[in-house]
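Please walk through the model shown here, one element at a time.

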Amino acid sequence: MDVTTQLPESDSQLRGPWWTYDEASPVQPPAEPPPPADPPVAKHRPPGGSSRRTVALVLAAALLGGGTSAVVVEAMQPDAATNAALPVSTIATNDAPLTSTGGATATGTPESAAAAIAPSVVTVEVTGTQQSSSFSRFGSQSQAVSDTGSGVVLRSDGYILTNNHVVAAASGGGTVNVTFSNGKTMAATIVGTDATSDLAVLKVTGATGLKAAVFTDSDALKVGQAVLAVGAPLGLSNSVTQGIVSTLHRPVSTGEAGASAQSVLDAVQTDAAINPGNSGGALVDLAGRVVGINSAIATTGDSTTGTSGNIGVGFAIPSNDAKKVADQLIATGHATHAQIGISAADTASATTGAPGLGATVQAVTAGGPAQAAGLAVGDVITKVGTRTVTDADSLIVAVRASDPGTTVAVTFTRGGVQKTVSIRLASATS
C-alpha cells in the first residue's frame, strides 16, 4: 500500500506527490551528504518533481493498518470565497501574553471551553502570487493565489500565531487579513515564519481589547482526554468540534512548503473533526486552554482530484513546541532547532522486512555533534534520551525535543552490540 503525507494546499494549487516512496526497500540510500546547517536528521528518500507547495512524505508505520487505500496528510485551506464570518462573542481583554498554566487535569464542559477560547481564535485570509508549474518560451509564469486558515491570539497587543503554510502565499509579497470572532477584520503583517515547525506569527496594529489565549502544558496531555478543535473549517469561521486525544508524540512528516524534507511534527493526534481551513486554529482542553495548534489531517481521498476531508485523524503541533517557536519569532523573526548532524533512513528487519527497528545512519556531517561523539555510517539509533526511536521521523522529533546546547544520551547498535554515547546538540536556524 502506498502511504504518503501531503501538506495543505490553497484552492489554486495543483495536488500530487512530490516523490514516491519505494516501500520494497527498507533503507533508502542517501542522495548526498547533508550540508553543514542540516536539520537534526536528514532522511533519504528518492527524489522527484514538485509543485511549489505540494509535497509527500511517509507517515509513521503505526498510522498504517487495515485498508488498501492511500492515507494522505494534507490541506486545511479552503477556497477563501466560501469564508463567512459568524460572530459569536465580543473580544474581551486579557493582558497575559503566552500564559502557561500547570498540568492540572482540565475541568469544564464543551460549552464553557468553547466560550473561553472563542474570542481568541481568528480567521486568516491571505492573497499572494506564486510561480506556475507550467513553462512557456517566456519562462515560468506567476499566478494569483488565495488561502484561508485560522489563528490564535498570542498577546493582547496584537500578536497572532498561525501555521506557516497558511501565510506562505504572502511570503513574497501579498496581503494578510485577520477577522476576529466579533466580525471585525484588520490587516496584519508577518512577523516571522518557521517552515521547519510550520508556524508563523502575525501582528495587527491598532487592535484593542484582544483576549490572549491561555496555553497549557502539552506534556500533561493524556490519551483519551477530551479536546475541542476551533477554527474556520471550509471557511466557516468560529466553528467548534469535539473529540479526544487519540495518541501523543506521533511523528508526522508534513514536507511543508519552504521547508526541507525533514519538516516533521511531534504531533498530538486527535479525532476532533478538522478540515481545510482549520490550519493554525486551536486545539483546547475542557478548560479552554490551548494544547495544540491544528496543522494537518489524514484523508483517504484521491489527492489528484482535490477531494479530501475529515476522517477522524488530525494532527496538531503541541502547545509547548508552539509557544517556544512563537517566542523566538517575536523576539528575532526566526527560530532555532536542535540538530545532531547526521542523515538517516528507516530501518527494517533484514529477514521479514518489518519496519520500526530504528534509524540507520547514512552520512555523518564533518565536525558535527554526531561525529564528535563517535557515531558512524551504519549505526542503528534506537533511543535518544528517554524516547524510543523506531524510524527516521521519530529520531528527528526525539532530537528536536531537546534544546540546542543540551546533552542527550543516544543509544545505538553497531555490529549487533548496543552502545550509548553522550551528544551535545548543535543549533540550526530555520
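Which residue in the hairpin of S10 and S11 takes a positive phi near 60°? Asp198 does, in a hairpin with four residues between the strands. This is a predicted model, in which local features need pLDDT of at least 70, side-chain atom pairs count only at pLDDT 80 or more, and totals for chains, interfaces and linings use all residues. Residues are numbered from 1 along each chain as its sequence is written, and side-chain values use heavy atoms, with hydrogens and water left out.

Helices (H or I, at least four residues) and strands (E, at least two) are DSSP runs, numbered from the N terminus. Two strands pair if DSSP finds at least two bridges between them. Strand S10 (residues 185-194) pairs with S11 in the antiparallel sense over five bridges, and strand S8 (residues 159-162) pairs with S11, also antiparallel, over four bridges. Leu202 in S11 is the bridge partner of Ile190 and the bridge partner of Ile160.

Buried means under 20% relative accessible area, exposed over 50%, and partly exposed in between (1.4 Å probe, protein chains only). Strand S11 (residues 199-203) is largely enclosed by the rest of the structure, because five of its five residues are buried. Leu199, Val201 and Lys203 cover one side, and Ala200 and Leu202 the other.

A nonpolar core is a set of buried Ala, Val, Leu, Ile, Met, Phe, Trp, Tyr and Cys residues joined through side-chain atoms within 4.5 Å. The largest such core has 32 residues, and those with the most contacts inside it include Val201, Phe215 and Ile293. Helix H3 gives the largest share of this core, five residues. In soluble globular proteins, nonpolar side chains tend to be buried together.

Contact means heavy atoms within 4.5 Å. Leaving aside neighbours within four places in sequence, Ile293 is in contact with residues including Leu161, Leu199, Phe215 and Ala322. Ala322 belongs to H3, where it is buried, as are Val325, Leu329 and Ile330 among others.

The expected span of a helix is 1.5 Å times one less than its number of residues. For the 14 residues of H3 (residues 319-332) this gives 20 Å, which agrees with the 20 Å between its end C-alpha atoms. Just after H3, Gly333 takes a positive phi of about 90°.

A last stop is the loop between strand S13 (226-231) and strand S14 (239-253), where Leu234 lies. Leu234 has a positive phi of about 55° although it is not a glycine, and it counts as partly exposed because its relative accessibility is 44%. Asn238 is in the loop between S13 and S14, with a positive phi of about 60°.
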